[in-house]
Amino acid sequence: MREDFAVELHRRASAAMQAGRAEAQGQGSQVRVARYTDETTSKQEQQLLRRHSQPVAASSSLAAPGAWLSLAHMGTALLLVRQEDGRVQAFLNVCRHRGARVVPEGSGSQARAFVCPYHAWTYKPDGALRGVPESFGFPCLKQEESGLRKLATIERAGVVWVVLDAAQANSDPGAHLGELMDNLESLTGLRAPVGFAPRSYEVAANWKLLVDGSFEAYHFKVAHRDTIAHMFVGNMQVVDEFDLNRRLYLIKSKFAQDAPPAQGFEPRRWGNLTYFFFPNTTILVQPDHAQLSSLEPLGPNRTRVHELTLIPEAPATDKARAHWEANVALYRRTLAEDYALAESIQSGMASGANEFFTFGTFEYSASRFHEQLAQQLVDASP
Ligand code: FES
Ligand SMILES: [Fe+2]
């Protein structure tokens with residue numbers, strides 16, 4: 001870890017503790033409630049997310065060259081294959097003949113060829129079209145141009161990230177992750193962690209409500225009083241922006257009790273680090289592991305949440321497994337508190353009680369996010 005990062009966090013966390021309040025910006029701000037209910041906005045956001053790198057699987061689920069994984073992500077059928085050179089390549093899992101899904105959902109190893117279940121067009125692990133039965137019927141076919149469509153793919157922090165929009169296949173999938181990803185990977189155990197306890201489930205709320213909740217510890221004392229509140233100094237966060245991405249440092253109670261010295265300061269012992277990769281992925285870094293959550297908008301009122309825990313190595317004993325399972329359970333209990341509140345907010349929107357939601361000076365990260373997202377939608381509009 002870069003020394004200056006830890007020193008800087010220590011300095012600012014100490015200053016905030018001394019002042020008795022978190023760093024703040026502006027005079028407070030407002031976001032239109034219609035942003036959370038509008039169908040057109042929701043559709044535009046879905047398109048935007050497809051142009052940003054999405055975490056689709058743990059790298060550890062594709063252990064060696066030839067390993068493959070077929071899954072659907074944000075409604076797109078994907079085939080991930082670890083290539084001979086060790087890199088993972090994502091393809092659209094869609095046959096170039098007449099569009100059947102080539103590989104059913106599942107996983108395997110030592111892939112030699114993928115055979116379409118409709119007319120048996122056959123693809124190599126690198127996506128190239130290898131064989132067409134009765135090929136004399138396709139004098140028009142350019143075989144070398146008819147491989148599975150590749151998508152921009154990168155592995156960072158033990159996760160396979162894919163840009164789902166095929167039109168962006170030549171874009172740099174690491175560009176959006178930027179400098180913040182370098183910082184995340186500099187933390188012990190987070191360059192090549194192992195995926196644990198993946199799950200996906202739905203919440204009856206707009207995805208942005210779930211993002212809002214990850215940007216402040218103002219709600220901890222109240223909303224999380226039965227789970228994690230006692231571990232944190234409520235409403236005490238230090239925020240850094242990295243272009244559209246953001247890192248929050250949420251200060252723990254023991255920082256207040258023990259006042260750690262700047263010398264050798266280890267941020268993870270004294271607080272949680274939340275890495276937010278715009279627009280919809282959060283990696284919560286705890287002392288010995290991290291929890292990734294990415295939000296898939298299904299419509300204005302519905303979100304599918306994808307979770308993955310990142311641990312330093314696969315659990316070798318029952319004790320190790322129980323340790324990670326207990327961590328996952330607490331994380332899920334805490335998120336359930338957040339998501340129940342998000343559902344209650346969503347259900348109250350139609351009442352018309354609020355035309356705007358108001359964010360306080362110490363909740364500025366959320367309103368910054370809304371501004372940035374709105375600007376991205378404007379920039380993307382024809
Ligand atoms: S659709 Fe795949 S071989 Fe015909
Ligand atoms: Fe929360």
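The chain has nine helices and 20 strands. The model is a predicted one. For 382 residues, a compact globule would have a radius of gyration near 21 Å, and the chain's 22 Å agrees with that. Along the principal axes, the C-alpha atoms fill a box of roughly 80 × 50 × 35 Å.

**Burial and contacts**

- Buried residues make up 38% of the 382 residues in the chain.
- Of the contacts with a separation of 6 or more, 61% are between residues 24 or more positions apart.

**The seven-stranded sheet**

- Seven strands form an open, antiparallel sheet, in the order β13-β19-β18-β17-β16-β15-β14.
- β13 (194-203) and β14 are the edge strands; each has a single partner, so one side of each has no neighbour in the sheet.
- On average, neighbouring strands of this sheet are turned by 20° against each other, direction ignored.
- Within the sheet, six bridges join β15 and β16 in the antiparallel sense, and Arg247 stands opposite Tyr275 in β16.

**Helix α3 on the sheet**

- Helix α3 packs on the sheet and touches β14, β15, β16 and β17. The direction of α3 makes about 40° with that of β15.
- Which residues of helix α3 (residues 178-185) are buried? They are Leu180, Met181 and Leu184.
- Seen down the axis of α3, these buried residues fall within an arc of 100°, so they line one face of the helix.
- An α-helix has 3.6 residues a turn, so residues three or four places apart point the same way.
- The cover over the buried residues of α3 includes β14 (232-242), β15 (245-252), β16 (271-277) and β17 (281-285), and also β11 (153-156).

**Backbone exceptions**

- Most residues other than glycine have a negative phi, and most peptide bonds are trans.
- The peptide bond between Phe278 and Pro279 is cis, with omega about 0°. Pro279 is in the loop between β16 and β17.
- Glu134, which is not a glycine, has a positive phi of about 50°. Glu134 is in the loop between β9 (129-131) and β10 (150-151).
- Ala157 also has a positive phi, near 50°, and lies in the loop between β11 and β12 (159-162).
- Is Glu134 buried or exposed? Glu134 counts as exposed because it has 8 C-beta neighbours inside 10 Å, and the cut-off for exposed is 12 or fewer.
- Ala157 counts as buried because it has 23 C-beta neighbours inside 10 Å, where 20 or more are needed.

Key:
Residues numbered from 1 in each chain as written. Chains lettered and ligands numbered in written order. Predicted model: local features only at pLDDT ≥ 70, side-chain atom pairs only at ≥ 80, totals over all residues. Helix = DSSP H or I, 4+ residues; strand = E, 2+ residues; numbered from the N terminus. Arc of directions from axis to C-beta. Contact = placed C-beta atoms within 7 Å. Pairing = 2+ DSSP bridges. Axes fitted to C-alpha atoms, helices over the stretch in contact; angles between N-to-C directions. Rg over C-alpha atoms; globule rule 2.2 N^0.38 Å.
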